[in-house]
Amino acid sequence: MTSLMGTYYHNIDVKGRLNFPTKLREILGVSFYVTKSIDSPCLTVYSQEEWDKLSAKVAAIPASKSGKIQRWLFSGACEVTPDKQGRILLPQELRAFAGLEKDIVVIGANDKAEIWDKSRWDEMNSSMDMDDLLSAMSELGF
């Protein structure tokens with residue numbers, strides 16, 4: 001799969017519809033999956049291929065250890081198919097989790113995309129510790 005990348009600024013309408021970026025839709029496919037992020041107050045978007053990989057990984061974990069993961073990832077997840085205008089409908093539960101109200105940022109993050117409330121995205125970026133980032137990159141061999 002081609003890497004998902006870029007930063008896109010959009011608005012969400014009162015019905016919960018978001019015009020999803022064309023470049024990302026072209027990579028993600030006809031329909032894709034949206035769920036709560038594990039590590040951030042945003043939504044994570046997966047292609048069918050990546051969703052299947054994630055589902056298989058979770059299924060391989062013993063049930064005694066995977067219950068919380070399964071409930072977190074799958075209980076609020078939904079499959080979305082963009083309409084003719086490229087809009088997707090985000091369920092209220094997911095919008096509330098990520099604090100999505102009007103100004104939205106959609107980012108490509110390699111094998112997935114993320115949907116952020118713009119103020120949360122700005123806050124996260126302004127609080128990023130560059131020394132920690134450089135240290136993590138060094139550990140990975142960059």
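**Salt bridges and a nonpolar patch**

Modeller: Glu 50 and Lys 53 form a salt bridge, with 3.2 Å between the closest N and O atoms; the term means a side-chain nitrogen of Lys or Arg within 4 Å of a carboxyl oxygen of Asp or Glu. This is a predicted model, where local features need pLDDT of at least 70, side-chain atom pairs count only at pLDDT 80 or more, and totals for chains, interfaces and linings use all residues. Residues are numbered from 1 along each chain as its sequence is written, and side-chain values use heavy atoms, leaving out hydrogens and water.

Colleague: Nice! Is Glu 50 buried or exposed?

Modeller: Glu 50 is buried, at 10% relative accessible area (buried is under 20%, exposed over 50%, partly exposed in between, with a 1.4 Å probe and protein chains only).

Colleague: And what else does Lys 53 form a salt bridge with?

Modeller: Glu 49, with the closest N and O atoms 3.8 Å apart. Both lie in helix α2 (residues 48-60), 4 residues apart; helices are DSSP runs of H or I, at least four residues, numbered from the N terminus.

Colleague: How many salt bridges are there?

Modeller: The count comes to 5. One of them joins Asp 83 and Arg 87, at 2.8 Å between the closest N and O atoms. Shared partners also link Glu 49, Glu 50 and Lys 53 into one network.

Colleague: Changing topic, which residues make the nonpolar surface patch?

Modeller: Met 128, Met 130, Leu 133, Leu 134, Met 137, Leu 140 and Phe 142, making about 740 Å². Patch residues have over 30% relative accessible area and no salt bridge, with nonpolar side chains (Val, Leu, Ile, Met, Phe, Trp, Tyr) joined within 5 Å and like charges within 9 Å; areas come from the Shrake-Rupley method with a 1.4 Å probe, and for residues only the protein chains shown count as cover.

Colleague: Where is Met 128?

Modeller: In the loop between α5 (118-126) and α6 (130-139).

Key: Helix = DSSP H or I, 4+ residues; strand = E, 2+ residues; numbered from the N terminus.
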